Amino acid sequence: MNIQGKCYKCGGFLAVNDAEDAMICPFCGKPIIVDKAIKSYTEAVSQPPARQSQPAANSDPFFDVVSGVLVSCNCFTESEIRIPDGVKVIGDAAFQGMNNIESVQLPDGVELIGSSAFSGCKNLRSVLIPDSVESLDRDVFNGCTNLKSIHFPNSIAKLDAGTFAGCTSLETVNIPSRVESLPWRIFEGCISLRSIVIPKRVKTIHCNIFTQFHPNYKTQNIYGVVRGEVDTMIVFTAHYDHLGTMGDSVTFYGAHDNAS
């Protein structure tokens, strides 16, 4: 049975199976003892910060909502989450590490999804985001390894770093038309990504170049293409041998042949 726990090494909140003796923390990657993780969570919530809670409109006992901010959720056995009306902000790490969650529906009126709100939700497959949402903070879906696709409404103007980092099953995603910059790490580790729709308004793409070994990877020289207007494009390549003549309109930066 999955219940709430807290990693006593990195402090991340996560779902633990009380029938198991130990597990690997999805956030710090270190082995932890389940009983100690449960105890760590119990101690963390035994002395909550002083505040006056204001329940959401439907007074749902699963959700802790304070002044329109969904702070936490006691949903460690639910697979389908429907967030109640009245919520304006999904708080930082509100659902972090809840491996039981498969689908989430956000209500109209939500404007901001906080940092790491759904990070580590390994079985999350579907997220319904209303067109009231304007901004996503860092690492919102970091480590959601079963998320294959997501559709963003065009109301969103900001995507922060690491939005989809570690989403190894992600295949398709659209970038909202109001977004002007793609931050670093946004698609880090998205090894299944096939299609990204980037709007014309995007002027800046922050890159995080890193090396990673992929066993049995089928080699190719073309790594990616960014199509411009009319007949222009940017092509990301490995090295090419014997370029030959390609005309005055093609520019190659850096070394090629065996020097690349």
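User: Where does Asp18 lie?

Analyst: Asp18 is in the loop between strand S2 (13–17) and S3; strands here are DSSP runs of E with at least two residues, numbered from the N terminus. A heads-up: this is a predicted model, where local features need pLDDT of at least 70, side-chain atom pairs count only at pLDDT 80 or more, and totals for chains, interfaces and linings use all residues. Residues are numbered from 1 along each chain as its sequence is written, and side-chain values use heavy atoms, with hydrogens and water left out.

User: Why is Asp18 called partly exposed?

Analyst: Buried means under 20% relative accessible area, exposed means over 50%, and partly exposed is in between (1.4 Å probe, protein chains only). Asp18 has 38% relative accessibility, so it counts as partly exposed.

User: What makes a patch of negative charge on the surface, and which residues gather in it?

Analyst: Patch residues need over 30% relative accessible area and no salt bridge, with like charges joined within 9 Å. A salt bridge would be a side-chain nitrogen of Lys or Arg within 4 Å of a carboxyl oxygen of Asp or Glu. Asp18, Glu20, Asp21 and Asp35 gather in the negative patch.

User: And which residues form the positive one?

Analyst: Lys9, Lys30, Lys36 and Lys39. Lys30 sits in the loop between strand S3 (22–24) and strand S4 (31–33). Its relative accessibility is 44%, so Lys30 goes down as partly exposed.

User: Why is Val65 called buried?

Analyst: Val65 has a relative accessible area of 4%, so it lands in the buried class. Its place is strand S5 (residues 63–66), and its C-alpha is 9.3 Å from that of Ile90, 25 residues apart along the chain.

User: Which way do the S5 residues point?

Analyst: Phe63 and Val65 point one way, Asp64 and Val66 the other, and all are buried. In a regular strand, side chains alternate between the two faces of the sheet.

User: How do you know that S5 and S6 pair?

Analyst: Two strands pair if DSSP finds at least two bridges between them. S5 and strand S6 (residues 69–73) have 4 bridges, in the antiparallel sense. Phe63, for one, has Cys73 as its bridge partner in S6. The hairpin has 2 residues between the strands, and Ser67 takes a positive phi near 50° there.

User: Why is Ala157 called partly exposed?

Analyst: Ala157 comes out at 30% relative accessibility, so it counts as partly exposed. Ala157 lies in the loop between strand S13 (149–150) and strand S14 (158–159).

Conventions. Patch = residues over 30% accessible without salt bridge, like charges linked within 9 Å, V, L, I, M, F, W, Y side chains within 5 Å. Areas by Shrake-Rupley, 256 points an atom, 1.4 Å probe, with all protein chains shown as cover. Lys, Arg positive; Asp, Glu negative; His and termini not counted. Charge placed at Lys NZ, Arg CZ, Asp CG, Glu CD.
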